[in-house]
Amino acid sequence: MLERDITAAILRHLKTVPHCFAWKTHGGPYSTAGIPDIIACVGGRFVAFEVKTQSGKLTKLQEVTIQRINEAKGKAYKVQSVEEVKEIFKNLNV
């Protein structure tokens with residue numbers, strides 16, 4: 001499965017989650033490098049997902065960005081499937 005297919009599946013799922021507003025970020029000359037693929041506000045919580053395939057690895061910049069989000073009391077994760085997102089939401093009680 002391609003990263004874009006996993007991302008699309010996660011976004012479809014997020015549309016079914018109550019009190020969730022989520023969007024896909026797009027890189028470009030005016031965007032911040034390293035920002036996770038999906039940003040969401042779920043029940044007032046900031047949650048971000050960096051989507052990777054089973055063989056995909058985070059870049060150093062992505063690792064640092066995820067760490068900085070978590071240090072700022074948001075939640076950021078590397079995910080590889082919708083099931084992983086569902087499990088994260090269970091643990092967040094969302």
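**Helix packing and strand pairing in the predicted model**

Thr65 touches Ala33, Gly34, Ile35 and Pro36, leaving aside residues up to four places away in sequence. The model is a predicted one. Thr65 belongs to helix 2, which covers residues 60-71. Its relative accessibility is 12%. Burial requires a value under 20%, so Thr65 counts as buried.

Asp37 is placed between strand 1 and strand 2. The relative accessible area of Asp37 is 10%, and the residue is therefore buried. A polar atom of the Asp37 side chain lies 2.8 Å from the backbone nitrogen of Val51. Val51 is also among the residues that Asp37 touches.

Four strands form an open sheet with mixed pairing, in the order 1-2-3-4. Strand 1 and strand 4 are the edge strands, each pairing on one side only. From one strand to the next, the twist averages 20 degrees. Strands of a sheet pair through backbone hydrogen bonds, in either a parallel or an antiparallel manner.

Strand 1 and strand 2 run antiparallel and are joined by five bridges. Phe21 has Cys41 of strand 2 as its bridge partner. Ala22 stands opposite Ala40, also in strand 2. On to strand 3: strand 2 and strand 3 are likewise antiparallel, with five bridges between them. Here Ile39 is partnered by Ala48 of strand 3. Strand 2 and strand 3 form a hairpin, with two residues between them. Gly43 lies in the turn and has a positive phi of about 55 degrees. Four of the five residues of strand 2 are buried, so strand 2 is largely enclosed by the rest of the structure.

Helix 1 spans residues 3-14, 12 residues in total. The distance from its first C-alpha to its last is 16 Å, close to the 16 Å expected at 1.5 Å a residue. The buried residues in helix 1 are Ile6, Thr7, Ala9, Ile10, His13 and Leu14. These residues lie on the same side of helix 1 because they cover an arc of only 165 degrees around the axis. An α-helix has 3.6 residues a turn, so residues three or four places apart point the same way. Arg4 and Arg12 are exposed, on the face of helix 1 turned away from its buried side.

The buried residues of helix 1 pack against strand 1 (20-24), strand 2 (38-42), strand 3 (45-51) and strand 4 (75-79). They also pack against helix 3 (82-91). Helix 1 lies across strand 1, strand 2, strand 3 and strand 4. Its direction is at about 160 degrees to strand 1. Helix 3 packs on the sheet too, touching strand 2, strand 3 and strand 4. The direction of helix 3 makes about 150 degrees with that of strand 4.

Notes. Residues are numbered from 1 along each chain as its sequence is written. This is a predicted model: local features need pLDDT of at least 70, side-chain atom pairs count only at pLDDT 80 or more; totals for chains, interfaces and linings use all residues. Side-chain values use heavy atoms; hydrogens and water are left out. The expected span of a helix is 1.5 Å times one less than its number of residues. Buried means under 20% relative accessible area, exposed over 50%, partly exposed in between (1.4 Å probe, protein chains only). The arc is that of the directions from the helix axis to the C-beta atoms. Contact means heavy atoms within 4.5 Å. Two strands pair if DSSP finds at least two bridges between them. Axes are lines fitted to C-alpha atoms, for helices over the stretch in contact, and angles run from 0 to 180 degrees between N-to-C directions. A polar contact is a pair of N or O atoms within 3.5 Å; within protein, one must be able to donate a hydrogen and the other to accept it, and residues adjacent in sequence count only if both atoms are side-chain atoms.
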